[in-house]
Amino acid sequence: MGFHTFDADRADGLEDPERFRYCSREELLQELPARPERLLDLGSGTGFYTSELAPYAETVYAVDLQPAMHARHRDNGVAENVRLVTAEAGRLPLSEGAIDAAVSTMTFHETATTEALADLARVLEGPFVVVDWSGTGEGAAGPPTEERFAVSEARGLLESAGFEISRGVERPETFLLVAAA
Ligand SMILES: C[S@@+](CC[C@H](N)C(=O)[O-])C[C@H]1O[C@@H](n2cnc3c(N)ncnc32)[C@H](O)[C@@H]1O
């Protein structure tokens, strides 16, 4: 596992629509295939982005380590095509090639190890879209900058787990990476 896991007692902060300043539904959709059959959201939290993406996929697997986060997601309402999966990155209870596309928002710094990414590569047939707080950011929002990866570091981790990178950009506070296994 990467840096410390997001505190479920602070889950309210994940519901703030201001978050779309740092990552929008549109930029995630732009990098995904049209209507993937099986989309995985790694570190789905309260479902803030899962619920945004659910209308644009057949089935979404919302994977999170913390049952308390899934409880919050349930309180918010779980879309009919979303399956809540309580599992740790690196131990995905899914078979090889079971997923067509994956996203992970503001979570890479908590989950990314070579082992966890290699396990994602095992189940993934298509793109992996990552948006996370960047180590080159100003720290005006998000976790402390020393707990974050720069896009170059994230790229290196993904490559060491067998991913090929098709896009990697730094923005003022976040990075976006698109990779395929
Ligand atoms: C900062 S929150 C972001 C949640 C959501 N992606 C969003 O943008 O609203 C990070 C989430 O990742 C989950 N998480 C952290 N480490 C994890 C791991 N190793 N495996 C699965 N989920 C993890 C946490 O429980 C938390 O819900």
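Visitor: Which rings are linked into a cluster by ring pairs?
Guide: F20, F48 and Y49. Rings of Phe, Tyr and Trp (its six-membered ring) pair if their centres lie within 6.5 Å; planes under 30 degrees apart count as stacked, over 60 as edge-to-face, and the rest as tilted. One caution: this is a predicted model, where local features need pLDDT of at least 70 and side-chain atom pairs count only at pLDDT 80 or more, while totals for chains, interfaces and linings use all residues. Residues are numbered from 1 along each chain as its sequence is written, and side-chain values use heavy atoms, with hydrogens and water left out.

Visitor: How many aromatic pairs does a search of the whole structure find?
Guide: The count is 7. Take F48 and Y49: the ring centres are 5.0 Å apart and the planes sit at 90°, so that pair is edge-to-face.

Visitor: Are F48 and Y49 buried or exposed?
Guide: Both F48 and Y49 are buried. Buried means under 20% relative accessible area, exposed means over 50%, and partly exposed is in between (1.4 Å probe, protein chains only). There's also a tilted pair, F128 with F163, at 5.9 Å centre to centre and 40° between the planes. F128 is in strand β5 and F163 in the loop between α6 and β6 (164-170), so to speak a link between distant parts of the chain, 35 residues apart. Helices (H or I, at least four residues) and strands (E, at least two) are DSSP runs, numbered from the N terminus. F128 and F163 are buried as well.

Visitor: OK, on to packing. Which residues touch the most other members of the largest nonpolar core?
Guide: That core has 32 residues, and the ones touching the most other members are L40, F108, L117, L120, F128, L158 and F163. Two or more residues each come from β1 (38-42), α5 (114-123), β5 (127-133), α6 (151-160) and β7 (174-180). The largest share, 5 residues, is from α5. By nonpolar core I mean a set of buried Ala, Val, Leu, Ile, Met, Phe, Trp, Tyr and Cys residues joined through side-chain atoms within 4.5 Å.

Visitor: And what is L120 in contact with, leaving aside neighbours within four places in sequence?
Guide: L40, L42, L92, A102, F128 and F163, where contact means heavy atoms within 4.5 Å. A second, separate core has 21 residues, including A57, A101, V103 and M106.

Visitor: Where is M106 found?
Guide: In the loop between β4 (101-105) and α4 (108-111). M106 counts as buried because its relative accessibility is 8%. Its phi is positive, about 55°, although M106 is not a glycine. Beyond residues up to four places away in sequence, M106 touches R19, Y22, C23, V131, D132, W133 and T174.

Visitor: Switching to the ligand. Which residues are the closest?
Guide: R19, G43, D64, Q66 and T105 are the closest of the 21 residues around the ligand, counting a residue if one of its heavy atoms lies within 4 Å. A side-chain N or O atom of D64 is 2.6 Å from a ligand oxygen atom. A backbone N or O atom of L65 is 3.2 Å from a ligand nitrogen atom, and a polar side-chain atom of T107 is 3.4 Å from a nitrogen atom of the ligand.

Visitor: How much of the ligand does the protein bury?
Guide: 98% of the 600 Å² that the ligand exposes when taken alone. Accessible areas come from the Shrake-Rupley method with a 1.4 Å probe; for residues, only the protein chains shown count as cover.

Visitor: Last one: which side chain makes a polar contact with the side chain of E170?
Guide: That of S134, at 2.6 Å. A polar contact is a pair of N or O atoms within 3.5 Å; within protein, one must be able to donate a hydrogen and the other to accept it, and residues adjacent in sequence count only if both atoms are side-chain atoms. S134 lies in the loop between β5 and α6 and counts as buried, at 0% relative accessibility.
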